[in-house]
Amino acid sequence: MAQPPKHCGTREHMGAGKAIAVLTSGGDAQGMNAAVRAVVRVGIYTGAKVYFVHEGYQGLVDGGDNIKEATWESVSMMLQLGGTVIGSARCQDFRTREGRLKAARNLVKRGITNLCVIGGDGSLTGADTFRAEWSSLLAELLKMGGITAEEAKKSSYLNIVGMVGSIDNDFCGTDMTIGTDSALHRIMEIVDAITTTAQSHQRTFVLEVMGRHCGYLALITSLACGADWVFIPESPPEDGWEDHLCRRLTETRLGGSRLNIIIVAEGAIDRHGKAITSDEVKDLVVKRLGYDTRVTILGHVQRGGTPSAFDRILGSRMGVEAVMALLEGTPDTPACVVSLSGNQAVRLPLMECVQVTKDVTTAMNERRFDDAVKLRGRSFQNNWNVYKLLAHIRPPSTKSGYTLAVLNVGAPAAGMNAAVRSTVRIGLIHGHRMLAVHDGFEGLAFGKVEDISWEKVGGWTGLGGSKLGTKRTLPKKYFEEISSTISTFGIHGLIIIGGFEAFIGSLELMEGRAKFEELCIPICVIPATVSNNVPGSDFSIGADTALNTITTTCDRIKQSAAGTKRRVFIIETMGGYCGYLATMAGLAGGADAAYIFEEHFSIHDLQINVEHLTEKMKTTVKRGLVLRNEHCNENYTTDFIYNLYTEEGKGVFDCRKNVLGHMQQGGAPTPFDRNFGTKMGAKSVAWITGKIKECSRHGRIFANTADSACLLGMRKRSLVFQPLTELKEQTDFEHRIPKEQWWLKLRPILKILAKYNIELDTSEKALMEHVRQKRISQESSM
């Protein structure tokens with residue numbers, strides 16, 4: 001692979017002479033192994049020695065064989081494993097000073113002064129206490145003769161960096177903790193399965209999910225499956241909720257639905273702090289409504305299974321950041337946690353995060369529930385507000401007088417239906433008349449338009465593909481017909497959900513405004529494409545689902561070689577000219593190389609990769625994985641690369657190739673895509689409603705300014721509306737990709753984890769931020 005530009009001083013030797021220990025503590029979470037793997041490999045890459053601490057803090061206290069030096073190969077094939085390979089244990093000994101003395105001696109004797117802890121807030125608080133006591137522990141050990149003066153001098157201070165591994169996502173300051181996304185995957189698999197049986201028998205299901213003090217899993221699950229009701233500890237229902245719940249369930253049934261779903265977080269309480277249990281909810285429904293009701297408690301299933309693509313990438317990115325934070329640490333740097341905000345790595349003071357997390361619990365105990373929701377952060381608040389809109393507010397009897405049309409354009413992407421559902425329902429809540437346009441711009445031209453009701457979009461969140469039908473046709477040749485449809489149906493605003501064609505098509509509609517007055521209406525584009533190649537947004541609906549499909553397939557393909565030693569797989573992914581899927585699947589699948597259009601490569605680079613794999617086959621790792629984006633190079637095709645590897649690898653390894661094709665566009669949407677689509681739909685309706693009011697003159701709508709046609713995108717930490725005309729400058733129209741793409745900065749991580757000696761670009765260094773400030777500014781995707 002081509003070398004990235006060198007931005008900074010060498011990272012390769014910054015760890016020389018240093019030692020890092022990594023441990024996992026508390027409850028296990030999927031993705032912990034990805035973090036351990038990254039810490040080990042990046043640590044070794046910087047020249048440091050890296051040690052595993054088995055069985056969490058217990059291993060640190062017991063020492064001996066529990067603390068072992070790690071090698072590059074020792075973390076091979078652990079990326080796709082759930083749980084934690086190095087073990088975790090609840091440890092009472094470490095809570096005592098005597099236990100911490102033993103732990104300190106075990107570290108000092110091995111020259112370890114850097115500790116990376118992956119766990120929940122309890123584990124991280126323990127690490128901070130350990131660090132605060134370090135000097136006094138050494139003094140005591142020296143006095144007792146447990147260590148020498150020389151050893152004490154060498155280990156004069158301890159650096160600590162934490163990564164939060166917790167499926168509950170209950171740690172303040174981080175958008176997503178390691179394991180949360182995978183837990184949501186497990187929950188949604190079960191909810192989807194239960195939905196089919198519930199519909200068959202017209203049942204009501206009460207599902208209990210984990211979350212003793214945090215309702216995140218319950219909240220996102222309810223948004224992602226369109227549940228009728230959710231109980232979370234942060235915001236208990238108002239008194240008299242029993243009547244409201246029964247009324248809500250009855251309305252859903254009268255609307256034609258054959259099932260009801262109620263989600264209960266295990267820590268759910270009422271306004272007076274009394275527990276609300278799933279059995280109580282069941283008894284209420286049976287007694288009051290006589291519905292056939294079942295309870296399902298998901299339990300430890302949520303912790304199990306393979307980590308999702310998101311958790312593997314999150315764990316890998318956090319691992320890299322943790323090593324950098326440790327090696328750059330000084331005696332004065334406070335212990336920090338590395339975390340993700342939007343899609344940016346950030347470092348936050350550990351104890352500030354722990355304090356805010358404790359503040360939430362205090363607020364709940366003191367019945368200050370509004371404060372509890374606020375302290376969880378903007379992301380949690382946004383999710384809660386969208387849920388309340390969709391689940392608790394009925395469309396008003398007085399209408400707004402406005403008509404909105406929603407359509408899908410381009411190739412199908414999982415999550416499109418979730419976006420349509422929330423657009424339609426939020427539109428109806430605003431009092432608008434909602435129209436569904438079938439078959440994209442072509443349908444808009446030929447009048448394939450119909451009124452769409454609240455009930456019609458029921459159950460759409462979990463469906464893949466596009467229920468409205470979608471086409472790639474662009475509108476330019478149909479301006480007259482489209483104008484006629486807009487005027488016939490009295491359309492005041494268009495919400496266009498789709499890929500690059502949705503972006504280009506909307507730009508064409510803007511050009512048509514000069515000739516056709518009917519096109520002077522507000523337009524909002526929501527990016528939805530597996531390729532993630534729409535300018536103005538870091539993520540598009542559907543890309544997460546495609547990425548998980550590729551990652552799962554790569555796991556299976558790698559597993560197929562378990563019995564056959566020395567095999568290399570060449571896998572072709574979709575994406576047009578955009579290398580997002582190939583790069584991210586490379587990170588999530590532990591690929592040796594990922595060829596993409598954005599990073600030019602020559603025959604020389606291919607040769608280096610083949611030699612690199614030949615060397616790898618001499619170790620204990622006998623498998624290779626190479627990803628190739630479908631349009632990365634017109635001459636170096638998948639067949640060419642396969643033939644080259646086959647020829648050059650003769651006698652060392654054999655090759656197999658797979659073209660993944662359209663399976664990447666199919667399947668049920670992941671929890672991320674369901675939630676992302678739901679939030680994007682809700683936000684777009686709020687914006688377009690405001691724009692229509694702004695552009696109204698004497699009962700007529702006239703929108704002709706640049707900011708009346710916008711794309712709603714996720715940018716770093718927030719959802720923002722950007723005028724389409726501004727995005728033109730940022731687009732490479734020939735190759736249908738944005739000129740700048742954030743994920744290219746992750747490419748060096750992919751190469752370092754595959755054992756290439758290259759520079760790690762840390763020019764965009766994550767600086768220490770403060771949680772309190774972040775609380776105010778943060779608005780994130782999930």
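The second largest pocket has a volume of about 970 Å³. A pocket here is an open set of points on a 1 Å grid over the protein atoms alone, where a 1.4 Å probe fits, with protein on both sides within 12 Å along at least five of seven lines. The volume is the space filled by probe spheres set on the points, which are joined across faces, edges and corners.

This is a predicted model, in which local features need pLDDT of at least 70 and side-chain atom pairs count only at pLDDT 80 or more, while totals for chains, interfaces and linings use all residues. Residues are numbered from 1 along each chain as its sequence is written, and side-chain values use heavy atoms, with hydrogens and water left out.

Back to the pocket. Its lining, meaning residues with an atom within 4 Å of a point, comprises 35 residues, and R90, G120, D121, G122 and S123 lie nearest the centre. Helix α4 (121-144) and α11 (350-365) each supply at least two lining residues, and α4 gives the most, with 5. Helices are DSSP runs of H or I, at least four residues, and strands are runs of E, at least two, numbered from the N terminus. By class the lining has 8 nonpolar, 15 polar and 12 charged residues; Gly counts as polar, and Asp, Glu, Lys and Arg count as charged.

Next, the cores. A nonpolar core is a set of buried Ala, Val, Leu, Ile, Met, Phe, Trp, Tyr and Cys residues joined through side-chain atoms within 4.5 Å. Buried means under 20% relative accessible area, exposed over 50%, and partly exposed in between, with a 1.4 Å probe and protein chains only. The largest core has 166 residues, of which M163, F231, I262 and Y580 touch the most other members. Helix α10 (residues 309-328) provides its largest share, 11 residues. Another core, apart from this one, has 39 residues, including L115 and F171.

On confidence: pLDDT, the predictor's confidence in each residue from 0 to 100, averages 92 over the chain, and 96% of the residues score at least 70. It stays under 50 over residues 1-9, and is below 50 over residues 773-782 as well. Where pLDDT is low, the predicted coordinates should not be read in detail.

Q202 sits in the loop between α6 (180-201) and β6 (204-209) and is partly exposed, at 38%. N532, in the loop between β17 (523-527) and α18 (543-560), is buried, at 4%.

Methods: Contact = heavy atoms within 4.5 Å.
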